[in-house]
Amino acid sequence: MALGDSSAAAYIHMVQHLIERCLLFGMSMEECIDTLSKHANIGPVITSTVWKELEKENKDFFKAYRQWRETRH
């Protein structure tokens, strides 16, 4: 593994962690993208891509999460 590969993986892991924090606050993908862009200087494309990958890997969770968000908003 090249040095760049491990730092890229660490960056993606950090973005994933920040997205998980957004989920704890009940944010939508759009709210999370805006928040990470403003407060963590993470590009919207990065956040969107990581979010979508998390959705693919955790379909049941995100289905329940969307239903939960609909009941509280």
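Modeller: Let's start with burial: a residue is buried under 20% relative accessible area, exposed over 50% and partly exposed in between (1.4 Å probe, protein chains only). The model above is predicted, so local features need pLDDT of at least 70 and side-chain atom pairs pLDDT 80 or more, while totals for chains, interfaces and linings use all residues. Residues are numbered from 1 along each chain as its sequence is written, and side-chain values use heavy atoms, without hydrogens or water.

Colleague: Good, then let me try one. Is serine 28 buried or exposed, and where is its place?

Modeller: Serine 28 is buried, because its relative accessible area is 12%. Serine 28 sits in the loop between α1 (3-24) and α2 (29-40); helices (H or I, at least four residues) and strands (E, at least two) are DSSP runs, numbered from the N terminus. Leaving out residues up to four places away in sequence, serine 28 touches Trp51 and Arg69, where contact means heavy atoms within 4.5 Å.

Colleague: Could we step back to the whole protein? How many helices and strands are there, and what pattern do they follow?

Modeller: There are 4 helices and 0 strands, which read α-α-α-α along the sequence. The C-alpha atoms fill a box of roughly 45 × 25 × 15 Å, taken along the principal axes. Of the 73 residues, 27% count as buried. As for contacts with a separation of 6 or more, 57% of them come from residues 24 or more positions apart.

Colleague: Which residues touch the most other members of the largest nonpolar core?

Modeller: The general idea comes first. In soluble globular proteins, nonpolar side chains tend to be buried together. A nonpolar core is a set of buried Ala, Val, Leu, Ile, Met, Phe, Trp, Tyr and Cys residues joined through side-chain atoms within 4.5 Å. Here the largest core has 15 residues, and Ile19, Leu23, Cys32, Leu36 and Trp51 touch the most other members. The elements giving two or more residues to this core are α1, α2, α3 (44-57) and α4 (59-72). Take cysteine 32: beyond residues up to four places away in sequence, cysteine 32 touches Ile19, Cys22, Met27, Thr47 and Trp51.

Colleague: Which residues of α2 are buried?

Modeller: Keep the helix repeat in mind. An α-helix has 3.6 residues a turn, so residues three or four places apart point the same way. In α2, the buried residues are Met29, Cys32, Ile33 and Leu36. Seen down the axis of α2, its buried residues fall within an arc of 100°, so they line one face of the helix; the arc is that of the directions from the helix axis to the C-beta atoms. The face turned away from the buried side of α2 carries the exposed residues Glu30, Lys38 and His39. With 12 residues, α2 reaches 15 Å from its first C-alpha to its last, close to the 16 Å expected at 1.5 Å a residue (the expected span is 1.5 Å times one less than the number of residues).

Colleague: And what arc do the buried residues of α4 fall within?

Modeller: In α4, Phe62, Tyr65 and Arg69 are buried. Seen down the axis of α4, its buried residues fall within an arc of 55°, so they too line one face of the helix. On the other side of α4, Lys59, Asp60, Glu70 and Thr71 are exposed. α4 has 14 residues and reaches 20 Å from first C-alpha to last, close to the 20 Å expected at 1.5 Å a residue.

Colleague: How many aromatic pairs are there?

Modeller: Rings of Phe, Tyr and Trp (its six-membered ring) pair if their centres lie within 6.5 Å; planes under 30 degrees apart are stacked, over 60 edge-to-face and the rest tilted. By this rule there are 5 aromatic pairs. One of them joins phenylalanine 61 and phenylalanine 62, edge-to-face at 5.2 Å centre to centre with 90° between the planes. Phenylalanine 61 is partly exposed, because its relative accessibility is 43%, whereas phenylalanine 62 is buried at 3%. Ring pairs link Trp51, Phe61, Phe62, Tyr65 and Trp68 into a cluster.
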